[in-house]
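Please keep the sequence and the 3D view at hand while reading.

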Amino acid sequence: MSLDLIDTPPPDDTGTDTFRRFHYQADIAFPFCLNCVTGGQVKSVIMEHFEDLAIEYEDHWHLVAIKTRNP
């Protein structure tokens, strides 16, 4: 008997929720990444290290906790 994975529903839908939350973080991080690669003031962007987002500038770090209440 062959099981077709495509037609089998997953046991839960936590992946969708996780994707939404990380997608929101990526939306927030993108402008900082763009600033970094275009030679702006941002020296590096690190996701999920000390906070959701760590942004390095020449003389300081900016740590950002990214939260949303939207489902």
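## Strand pairing

β2 and β3 pair in the antiparallel sense over 4 bridges, where two strands count as paired if DSSP finds at least two bridges between them. The two strands form a hairpin with 4 residues between them, and within this pairing L53 stands opposite V64 in β3. The model is a predicted one, in which local features need pLDDT of at least 70 and side-chain atom pairs count only at pLDDT 80 or more, while totals for chains, interfaces and linings use all residues. Residues are numbered from 1 along each chain as its sequence is written, and side-chain values use heavy atoms, with hydrogens and water left out.

β1 and β2 also pair in the antiparallel sense, over 4 bridges, and M47 has L53 in β2 as its bridge partner.

## The turn between β1 and β2

The hairpin formed by β1 and β2 has 5 residues between its strands. Within this turn, E48 has a positive phi of about 55°, although E48 is not a glycine. E48 is partly exposed, with a relative accessible area of 43%; here buried means under 20% relative accessible area, exposed over 50%, and partly exposed in between, with a 1.4 Å probe and protein chains only.

D52 is found in the loop between β1 and β2 as well, but D52 is buried, at a relative accessible area of 8%. Leaving aside its neighbours within four places in sequence, D52 is in contact with Q25, I46, M47, V64, A65, I66 and K67, contact meaning heavy atoms within 4.5 Å. The side chain of D52 makes a polar contact of 3.3 Å with the side chain of Q25, and another, of 3.2 Å, joins the side chains of D52 and K67. A polar contact is a pair of N or O atoms within 3.5 Å; within protein, one must be able to donate a hydrogen and the other to accept it, and residues adjacent in sequence count only if both atoms are side-chain atoms.

## Salt bridges

How many salt bridges does the structure hold? There are 2, a salt bridge being a side-chain nitrogen of Lys or Arg within 4 Å of a carboxyl oxygen of Asp or Glu. In one of them, K67 pairs with D52, and their closest N and O atoms are 3.2 Å apart. K67 lies in the segment after β3 and D52 in the loop between β1 and β2, so the pair ties together parts that are 15 residues apart in sequence.

K43 forms a salt bridge with E58, with the closest N and O atoms 3.7 Å apart. This pair links distant parts of the chain, since K43 sits in the loop between α1 (14-37) and β1 (44-47) and E58 in the loop between β2 (53-56) and β3 (61-64), 15 residues apart. K43 is partly exposed, at a relative accessible area of 42%, while E58 counts as exposed at 66%.

## The chain as a whole

The chain has 1 helix and 3 strands; helices (H or I, at least four residues) and strands (E, at least two) are DSSP runs, numbered from the N terminus. From the N terminus on, the order of the elements is α-β-β-β. The radius of gyration of the chain is 18 Å, well over the 11 Å that the globule rule gives for 71 residues, so the chain is more spread out than a compact globule. This radius is taken over C-alpha atoms, and the globule rule is 2.2 Å times the number of residues to the power 0.38. Along the principal axes, the C-alpha atoms fill a box of roughly 60 × 25 × 20 Å.

Buried residues make up 15% of the 71 residues. Among contacts in the chain with a separation of 6 or more, 18% are accounted for by residues 24 or more positions apart. In the segment before α1 lies T8, and the C-alpha atoms of T8 and Y24, 16 residues apart along the chain, are separated by 28 Å.
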